[in-house]
Every structure is written in structure tokens, then in C-alpha cells.
Amino acid sequence: MLTSAAGRLAPKVIQSAPSVTTNVVRQALHHAIVGVGPLPGAAATAEKHLADHDGDVELAVKHVIDNHVRLAGVGGFATNIGGLVTQALTLPANITGMAIIQCRMVASIAHLRGYDLTDPRVRNAILLTLLSEEKVSKQIKERKIPAPPMAVATAPAYDRAVDDLVAAEVAQELIGRVAGKRVVSMVAKRVPLVGGVVGAGTDGWMTYQIGRYASRELLPRHGDNR
């Protein structure tokens, strides 16, 4: 039932968020890495967590995930309390905001594990991680994407064709993810505060899953340059 409802809602979601394109996905990644507004960039964030935990990389990774789960919960709450009336306005902000938060989290983990955030292969791997482990496995089997994030990040050579492929898959996934969340919370949103709680929980849980996937997938590099 929820699947069919999400399918009916998806076209409306895309129409209400025309700015969600591959360029927006790339911009979200850029802002996640260099910083935006009050949020410092991924490398600075990673180094702060590392310093706060006496150079323990794995403890820093854990706290990076925990911190971004909290950020995602706040973002989900803020963009979902408006109820059904403001759905068309809050949807683009929700998609872009979650993309920045989740990209920043994965990029911070990548930095802590010794990856070069200026490397386009690593940037594609960061985006790919946003799809989630289950979706990545499915897309590989269907030959829609070439490889899992670790393999993309450490590929012998950079393949420019992978850029558009990965960005397009991530954009589609983000739209579909928010569409599904709208279906689940449709009834709850008649009471705006309840809708906000649903949004916060959904965004936080998805961010946690992505963070754990990144932690398992992006293994430490030998001879890292931190």
C-alpha cells in the first residue's frame, strides 16, 4: 500500500522540487566539504573530533556519526513541522539539507580514514554512500552503478562518466526517499507537531544507517596524509 502510494506521489514531488538536479547534488557535496553557513567543512570537522578524542580515529568516526544524526534530526524536524499546506515549500529544503548533512558526515569519515577529499573518485564514493548499502547492492546487481564506494574511491583511474551516473542516482534516490517519508507521515501531518517528530526520526535513522555503512565501507588507507 505504501509503495503504491509513494509511486503516485513521486511525480508530484519532482514537480514541487524542480531544483533537485545532478548540479544540486554536486553543490551539496561541495558545501559539505568546504563548509556552509555555521557548518565548518568536513576536514575541519573531522580534525576537531579527532582532537577531542586524543587522536583515536575510530572514536572520532563514531562521534562524527552521532553528531550528524542529531543534526539530521533537527533538520528533519525544522522542515517538517509545517504540515500539509507547506509541503511544496519545505520539500526542496529537506532534500538539499539532508544531502549536505549526510555528505558532510561521510566526507568527514573519509578524511579520518585517510582519503583525499579533493580526489573526484573519493567525491563520487561519498555520493554513492548516500544511496545506502542495500540500494548500492541492488544497483550493482542491476548494473546501474559500476561498483561499491570503496572500489570507486580507490579505482586505478578517474572515469568522468561515473560523475553524472552517480549524481543522477543520488538525486533520484533523495527525491524518492522524501516522497516515501511524506506518504508515511501524511496522516500525522494533520497535526503539524507530530509530522515534525516523524520527519526528525526518519532523517535521523537514515543518517545513522548511512554513517554506519560509510564506516564499514571506507576502510583506512595506508600512508594517509593527515
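## Overview

A residue is called buried when its relative accessible area is under 20%, exposed when that area is over 50%, and partly exposed in between, using a 1.4 Å probe and protein chains only. By this definition, buried residues make up 49% of the 226 residues in the protein chain. The structure is a predicted model, in which local features need pLDDT of at least 70 and side-chain atom pairs count only at pLDDT 80 or more, while totals for chains, interfaces and linings use all residues. Residues are numbered from 1 along each chain as its sequence is written, and side-chain values use heavy atoms, with hydrogens and water left out.

The protein chain has 10 helices and two strands. Both kinds of element are DSSP runs numbered from the N terminus: helices are H or I runs of at least four residues, and strands are E runs of at least two. Along the sequence, the pattern reads α-α-β-β-α-α-α-α-α-α-α-α. Contact here means heavy atoms within 4.5 Å. Among contacts between residues at least 6 apart in sequence, 79% join residues at least 24 apart.

## The nonpolar core

A nonpolar core is a set of buried Ala, Val, Leu, Ile, Met, Phe, Trp, Tyr and Cys residues joined through side-chain atoms within 4.5 Å. The largest one has 48 residues, and V106, L112, L117, I126 and V170 touch the most other members. Elements giving two or more residues to this core include α2 (22-34), α5 (87-112), α6 (120-129) and α9 (161-184). With 10 residues, α5 gives the most.

Apart from its neighbours within four places in sequence, V106 is in contact with I126, T129, L130, I210, A214 and L218.

The buried residues are V122, N124, A125, I126, L127, L128 and T129.

α2 and α6 pack at an angle of about 110°, with their axes 11 Å apart. That makes α2 roughly perpendicular to α6. Axes are lines fitted to C-alpha atoms, for helices over the stretch in contact, and angles run from 0 to 180 degrees between N-to-C directions. Angles under 35 degrees count as roughly parallel, over 145 as roughly antiparallel, 65 to 115 as roughly perpendicular and the rest as oblique. V25, L29 and I33 of α2 make the contact with R123, I126 and L127 of α6.

## T45 in helix α3

T45 lies in helix α3 and counts as buried, at 6% relative accessibility. Its side chain reaches the backbone oxygen of G41 at 2.8 Å. The side chains of T45 and R104 are joined by a polar contact of 2.7 Å. A polar contact is a pair of N or O atoms within 3.5 Å; within protein, one must be able to donate a hydrogen and the other to accept it, and residues adjacent in sequence count only if both atoms are side-chain atoms.

Leaving aside neighbours within four places in sequence, T45 is in contact with P40, H68, R104 and S108.

## Two loop residues with positive phi

Most residues other than glycine have a negative phi. D54, not a glycine, has a positive phi of about 55°. D54 lies in the loop between α3 and α4 and is exposed, with a relative accessible area of 75%.

R143 is not a glycine either, and has a positive phi of about 60°. R143 is placed in the loop between α7 (133-141) and α8, and counts as exposed at 78% relative accessibility.
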